[in-house]
Amino acid sequence: MFRSKINKWLVFSILIMVLIFWFSQDTSSSSLAKSSFFEPLLEWLFHEHTQLVVRKLAHFSIYAALGFCLYRGILPFAPKPSHCFWLALFLCFAYACSDEIHQLFIVGRSGQFTDVLLDSTGATVGILVSLISSKKWG
C-alpha cells in the first residue's frame with residue numbers, strides 16, 4: 001500500500017514551496033516591483049488599493065496551488081482521505097507561518113498573521129478543489 005517513490009504532485013509542492021521562499025527573500029522594493037506585473041489590469045478594475053489587491057491575491061493563489069498539489073501528493077500515503085485533508089492543511093499552515101517568520105529577517109518586510117490566515121484560506125480552497133476533482137475524475 002505504501003508507495004516509496006515520490007509522485008509528481010509532491011515534486012510540484014516542493015517547487016511551489018521553493019518559489020514562495022524565493023519571493024519571500026525579496027526586499028520590500030523588489031516585492032513591490034514584482035507585484036506591479038498585473039497592475040494595469042487591476043488598476044482598471046479596482047482604481048485604488050491595486051498593490052494591496054495584487055499582493056493578497058498572490059498569497060491566496062500560490063497557497064491554493066500548494067494546497068491542491070500537496071493534497072494530491074500525500075493522498076497515496078494517507079490511510080484515509082480525511083487524514084490527507086487535515087495533514088495537507090496543517091503543512092500549508094505551518095509553511096505559511098515559517099514564511100512569515102522568514103520575512104521578519106528581510107529588509108523592509110514584516111511577518112503578518114493576517115497573511116498566514118489568507119494563505120491558509122487559499123490552501124483550504126486548493127485542497128477542496130483537489131478533493132472534489134479527485135472524487136469526480138478518480
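The exercises below work through side-chain contacts and surface features of a predicted model.

**Exercise 1. Aromatic pairs**

Task: State how many aromatic pairs a search of the whole structure finds, then classify the pair formed by the rings of Trp9 and Phe12.

Solution: 
- Step 1. The search over the whole structure gives four aromatic pairs.
- Step 2. For Trp9 and Phe12, the ring centres are 5.6 Å apart and the planes make an angle of 80°. Planes over 60 degrees apart count as edge-to-face, so Trp9 and Phe12 are an edge-to-face pair.
- Step 3. Both residues belong to helix 1 (residues 8-24), where a spacing of three residues puts about one helical turn between Trp9 and Phe12.
- Step 4. Trp9 has a relative accessibility of 21% and is partly exposed. Phe12, with a relative accessible area of 36%, is partly exposed.

**Exercise 2. A second pair**

Task: Decide what class the aromatic pair of Trp22 and Phe23 belongs to.

Solution: 
- Step 1. The centre-to-centre distance for Trp22 and Phe23 is 5.1 Å, and the angle between the planes is 40°.
- Step 2. Under 30 degrees would be stacked and over 60 edge-to-face, with the rest tilted; the Trp22 and Phe23 pair is therefore tilted.
- Step 3. Trp22 is partly exposed at a relative accessible area of 47%, and Phe23 is partly exposed at 34%.

**Exercise 3. Surroundings of Trp9**

Task: Find which aromatic cluster contains Trp9 and which charged end sits over the ring of Trp9.

Solution: 
- Step 1. One aromatic cluster is formed by Trp9, Phe12 and Phe68.
- Step 2. The charged end of Arg72 lies over the Trp9 ring, at 5.5 Å from the ring centre.

**Exercise 4. Cysteines**

Solution: 
- Step 1. A disulfide is a covalent bond between the sulfur atoms of two cysteines.
- Step 2. As for accessibility, Cys92 is buried at 0%, and Cys84 is buried at 1%.

**Exercise 5. Salt bridge**

Solution: 
- Step 1. Side chains of opposite charge can pair when their charged atoms come close.
- Step 2. One salt bridge is found in a search of the whole structure.
- Step 3. Lys56 is partly exposed at 26% relative accessibility, whereas Asp115 is buried at 6%.

**Exercise 6. Nonpolar patch**

Task: List the residues of the nonpolar surface patch and find which helix gives the most to it.

Solution: 
- Step 1. Leu87, Phe90, Leu91, Phe93, Phe113 and Leu117 make a nonpolar surface patch of about 560 Å².
- Step 2. Helix 5 (81-103) and helix 6 are the elements that give two or more residues to this patch.
- Step 3. With four residues, helix 5 gives the most.
- Step 4. Leu91 lies in helix 5. Patch residues need over 30% relative accessible area, and Leu91 is partly exposed at 31%.

How values were computed. Residues numbered from 1 in each chain as written. Predicted model: local features only at pLDDT ≥ 70, side-chain atom pairs only at ≥ 80, totals over all residues. Heavy atoms only, no water. Phe/Tyr/Trp six-rings, centres within 6.5 Å; stacked < 30°, edge-to-face > 60°. Buried < 20%, exposed > 50% of the residue type's maximum accessible area, 1.4 Å probe, protein only. Lys NZ or Arg CZ within 6 Å of the ring centre and 35° of its normal. Salt bridge = Lys/Arg side-chain N within 4 Å of Asp/Glu carboxyl O. Patch = residues over 30% accessible without salt bridge, like charges linked within 9 Å, V, L, I, M, F, W, Y side chains within 5 Å. Areas by Shrake-Rupley, 256 points an atom, 1.4 Å probe, with all protein chains shown as cover.
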